[in-house]
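Q: Could you walk me through reading a sheet and a chain contact in a model like this one?

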Amino acid sequence: MSGVLLDCIQIAKGFPGVQALKGVDFSLRRGEVHGLVGANGAGKSTLAKIIAGYERPDAGRMLLNGEAVAFRSPADALRRRIVTVHQDINLIPTLSVADNIRLNNELVHRHWGLIRRKETHASITELLDRYELDVSPNTLVAELTYDERKMVQIIKAASHELDVLLLDEPTAALTQGEVEIVLKLIRSLAKEGIGIIFISHYLNEIFAVCDRTTVLLDGARVAEYQQHSTSANEIVTAMLGQELVSDMQRPAPFTAEGVEAPALSVRKLSVPGRLVDISFDLGAGEILGVTGLSGSGASDLARAIFGAGGTRQTGEFFVSGTKASLRSPLDSLQRGVALLTNDRLREGILPDFSIVDNVCLPRLNEYATGPLQLLDRPAMRESGDMVVRQMKVRAVSAMSAMKSLSGGNQQKVLLGKWLATTPQVMLLDEPTIGIDIGAKHEIRNTIARIASGGVGVILFTSELDELVQLCHRVIVLFRGTIVEIFAGAAIDKQSLLHRSTAGKD
Amino acid sequence: MAEFERHAASASRPERLATVLSGSYGLIQSLAVLIALAVAITLINPAFLSWVNITNLMAQMAPMLIVAAGMTVVMIAGEFDISIGSAVALTAAICAVVTTQYGGLAGVALSMVVGPAIGIINGLIVTKGKIPSFIATLGTMMMARSLAFVVTKGKVISGLPDSFTGFGGARLAGIPVSFVLAVGVFIIGWVLLTRSPFGKKVYAVGANHQVARLSGISVDAVKIAAFVLVGLTASIAGNVLLARIGAIQADTARGLEFEVIAAVVIGGTSLTGGHGNILRTIVGVFVIVLIRNFMNLARIDLFWQDFATGLIIIIAVLLDVLQKRIGARLATGARRAATSVSPANQMK
């Protein structure tokens, strides 16, 4: 075929324990924007890494302009005019726009090896004009807004001599208006004849900018669509595969009878740049799911409620019908609101502390006894033993160091730690992330158990199975706003994924 | 369940061994260094082991010991305080000036406020101003030293009443009272760190302040309290020092902060916080004091002494880092062994 720039044929790649790619075909034409979508773990990033030279395929061939290539490093790929723009912004904030764009690619004087400032300035001005970015080349990157930095990052990539541009989630942290600007830049780059691979979770953007879309599922290509002849629904179905949703167990319907006030009410909660005007009620005994793509604000919502999200938020909270400020974690814990964070290693465990000390950390003052107010260590030990027993923690004893436990068991201890504070509202941020199946199952059982005991639970998760199996209602967030609240039988994976990726219709 | 119990028992042995090793290896190692030093000194000069020399050393090291106890608390909380040398000098200066004019009681009472006050200032600058403690206390170090010169007008202050200086030479069962006091400070520090809610919070804040904050602990309050405690020990040490010498000049205790930090580090307290055993700090102080004593007795040029001390600090920390790496490897090895034998155990 003429115009084919890059052709990947039967690319396969395995990692210990998982076959990430099982023989995937992927092609890219000149001047085309080709979308690459799939659920988490479908193999998108592995394919992208192989194309960009970060990983080497186990099997399969790659043709660039009809010539077989095998990259041994990202520098190799760069020499063959394949440039990657990573999701994170890797610009140096203390350098100017021009210095960042020319970093390691400086225009230098032939004899002296010094930077040719005038020529650099002129070439960067020309570049910024061409892509309609209205900033001065001398502006420090630190002074730019987030979308301007993303633009600079893409323009920096485009300043290389390139044929293929790989964009990994280029709009992940942008607001809606900013997205438009970045998409426009992508279109104008494609017009110059560059082939662009566009990885995104946002289906509306896929439709706005792509010519073709490839859908990956479990390491295989399940569909390839021409953009003008498909719908978001069709793509979502392909992303989920043939899995039957109806087979799954569902929780008994939630009734708020006999309970006067909701366990927690959130009114007009906003966090600048993160959340806009969030309001909802949580019943005592209810499991409320909150889901959305990364950057949708789910994690921010959990932290904002718990008082761990900084001081710039506005809005009101009511716990069991009475107003509560929930301004700090201490404040929230005293009002019976607890948070299990999603980052077990950085914000969860103290690895060198024993299980007992980890469990008792939020309640240390309760254990002060006697005239000297020293710790009642037998009572602490008892509390630790109880968590080990109730949460079925596999450990030598409650005095074992936290670091000697597996991830799943650490997570069980942390959940036990918060439940020991006897919360009325339990916020769970990705409670089963990165743990083994057995521990996942036990934690999900515990969540159902505490809710049936009258605790209001908010489950922030991106695992669709978990939402369908556990939740009475599910809030879908999209770029910081609530797009829809599903309840009961209306909770199915298809609609959840559709709303998370496409926002409002 | 029975299978699980058996599995747990089989896992416990290597794991417990690893825990015991990584827990006490440092203590054994520092005690070994200490004994080696003592033997070496005795070989050079048998008089080292005489009771007179030992009690002299005790009285000499008491102020440093007392401050080291407080410094351990601050360092476990993840901070430093390099203003304590100046705090000791300012305390002693104020005590001396006030005592000579208004009597010992007023002098001690007033001077005991100096250290905690500097501690509050340090704590507020570090927590509310979010300035690294090294810089914050560098500033207060210079300011307190300057105040010591202002208070003494740059002169040696002497002429303290006998009731005051008598304490400096006092003995309890033959042991200098100042040393007994230092031991008391360590006992209180040990109880505070290991048996009180505050102590657990200090460790938690130093290990991971984010986890501590999310657990409802007021990180700022814990850090400020730690700075106040080290300030308090500086004031106690200032009074002890003044009582022993009987006179004071503003230049006293210059560089004490670095010797103390070195002692705490040699004692195995982590430079990044969260780890440490206050009792091992005693060993650290002994090591520093004995090295100086050794070099004096061996007639090593005075100008080389700081060089040697510096070298020993680096070696001690290197050994500590190595030991932690080995301990971590043992622990993960034991865990891996435990998980890999479990299916076999369950088959039986």
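Q: Which way do strands β11 and β14 of chain A run, and how many bridges join them?
A: In general, strands of a sheet pair through backbone hydrogen bonds, either parallel or antiparallel. Here β11 (residues 264–271) and β14 (residues 314–319) of chain A run antiparallel, with five bridges joining them. Strands are DSSP runs of E, at least two residues, and helices are runs of H or I, at least four, numbered from the N terminus; two strands pair if DSSP finds at least two bridges between them. Within β14(A), A:T314 is the bridge partner of A:S270.

Q: What order do the four strands of the open sheet take?
A: It goes β12-β11-β14-β15 in chain A, with antiparallel pairing. β12 (275–282) and β15 (322–324) of chain A each have a single partner strand, so one side of each lacks a neighbour in the sheet.

Q: How much of this can I trust?
A: This is a predicted model: local features need pLDDT of at least 70, side-chain atom pairs count only at pLDDT 80 or more, and totals for chains, interfaces and linings use all residues. Residues are numbered from 1 along each chain as its sequence is written, while chains are lettered from A and ligands numbered from 1 in the order written. The model scores ipTM 0.81 and pTM 0.80. For chain B, the mean pLDDT (the predictor's confidence in each residue, from 0 to 100) is 85.

Q: How many residues of chain B are in contact with chain A?
A: Contact means C-beta atoms, placed from the backbone, within 7 Å. By that rule, 24 residues of chain B touch 25 of chain A. Elements giving two or more residues to chain B's side include α1 (2–44) and α13 (305–347) of chain B.

Definitions and conventions. Two residues are in contact if their C-beta atoms, placed from the backbone, lie within 7 Å.
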